Amino acid sequence: MPSPNEILSELKKVKYPGFSRDIVSFGMIKDIEVAHSRVTVMLTVASAKPEVIQKIVADVKTAVSAMRDVPAVEVRIEQPPAAAPRAATGATQREIPAVKHIIAVASGKGGVGKSTVAVNLALALRGRGWRIGLMDADVYGPSVAMMMGVDKPPALTAERRIVPLQRFGIGYVSMALFINDETAVIWRGPMVTKLETEFLFNVEWGELDCLVLDLPPGTGDAQLTITQRVALAGGVVVTTPQDLALLDVKRGVEMFREVNVPVLGVVENMSYYLCRKCGHRHEIFSHGGGARYASELGVPFLGELPIVRELREGGDRSNPLVASNPHHPVSVAFEAIATRVMQQVECAP
Ligand SMILES: Nc1ncnc2c1ncn2[C@@H]1O[C@H](COP(=O)(O)OP(=O)(O)O)[C@@H](O)[C@H]1O
Ligand SMILES: [Mg+2]
């Protein structure tokens, strides 16, 4: 019979369904017992989806049965207690001292306005009295630095901890401020994600009510790693009303559910065109899909934002709309989104 360690190495070849990461690195193996001519593998499964669990169980059985001298394999599943959903991933999900809540802003693809939403939502939360930090986790498309108007590397403390840059009353950092284009190309995939999470915990955030993370676009391994390692209070999914983008909403929602992070809701950006001259609302795409998808997926709909030139200009000119013109209808919309986010974060278990 193989040893538990040999079995563990074999289980490293079993991928988590839908991801290129394996179930061992996901921290799913609770215990392996080799006794009475039988191998018992105990799994902790954070996902409540039965088809995912079935697939993992089948794959584990196949992998272990294929090993030499294994007469029987039993797979036992331990569901994390519903009252403490974080327990399942608690081994790897870390909190940041003095930071009350961490929320992540995600999107299925780039260009949907994820960073615009992250920055303006952070400002709207600040406007409602919360102490806010903002981290740009999108190393390859670090647009938050431009929006925030900060592009110099932050200072370090004597302990070599990073001091966030301050603007609009928000502490802001980005790993991109430390690296140039060449290093960004060399640092690929998992290495970047690993460094990024380390980086996040090395920032001297001070006391915060909420830290907003602008995740890299997409819902793959890199995003999942961050959501898995950081104890998130919730996730916000940004989409645009085109059908293709809407399909990504499901992926975004599933990514957060996979790691037991509550989905705070969906924001539909560039939902309609708000004419500056006549104030008229022009529906360019069939808008409303975000709300419909959110309800189908059983997650809250946080609000819709029109296409307005001021929102883009505010970003391009390092003067985000919510900061420069808090009375603009879109800033008011952000305020409403911020209020919903605050309510949900505070009500979360
Ligand atoms: N509602 C909007 N109205 C007008 N321009 C927008 C809006 N949302 C985003 N943009 C612009 O679209 C571009 C992409 O937005 P960005 O926030 O960088 O997207 P992402 O972070 O998803 O890649 C930026 O130039 C931004 O200013
Ligand atoms: Mg972006």
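A nonpolar core is taken here as a set of buried Ala, Val, Leu, Ile, Met, Phe, Trp, Tyr and Cys residues joined through side-chain atoms within 4.5 Å. In this predicted model, the largest such core comprises 65 residues, of which Leu11, Trp205, Leu211 and Phe256 touch the most other members. Helix 2 (residues 50–65) supplies the largest share of this core, seven residues. Because residues are given to the core by both domain 1 (4–79) and domain 2 (99–347), the core lies between these two domains.

When neighbours within four places in sequence are left aside, Trp205 is in contact with Ile96, Val99, Gly133, Leu134, Met135, Pro164, Gly171, Val173, Leu200 and Leu211.

Helix 3 (residues 114–127) packs with helix 12 (residues 329–347) at an angle of about 75°, the axes being 9 Å apart. Since angles of 65 to 115 degrees count as roughly perpendicular, helix 3 is roughly perpendicular to helix 12. Helix 3 contributes Thr116, Val117, Asn120, Leu121, Ala124 and Leu125 to the contact, and helix 12 contributes Phe334, Glu335, Ile337, Ala338, Val341 and Met342. By residue class, the contact of helix 3 with helix 12 divides into nine nonpolar, two polar and one charged.

Thr240 is situated in the loop between strand 9 (234–239) and helix 8 (243–258). With a relative accessible area of 5%, Thr240 is buried, and, not counting residues up to four places away in sequence, Thr240 touches Val112, Ala245, Leu246, Glu268, Asn269 and Met270.

Notes:
Residues numbered from 1 in each chain as written. Chains lettered and ligands numbered in written order. Predicted model: local features only at pLDDT ≥ 70, side-chain atom pairs only at ≥ 80, totals over all residues. Heavy atoms only, no water. Axes fitted to C-alpha atoms, helices over the stretch in contact; angles between N-to-C directions. Helix = DSSP H or I, 4+ residues; strand = E, 2+ residues; numbered from the N terminus. Parallel < 35°, antiparallel > 145°, perpendicular 65-115°, else oblique. Contact = heavy atoms within 4.5 Å. Nonpolar A, V, L, I, M, F, W, Y, C, P; charged D, E, K, R; others polar. Buried < 20%, exposed > 50% of the residue type's maximum accessible area, 1.4 Å probe, protein only. Domains from an automatic or database assignment.
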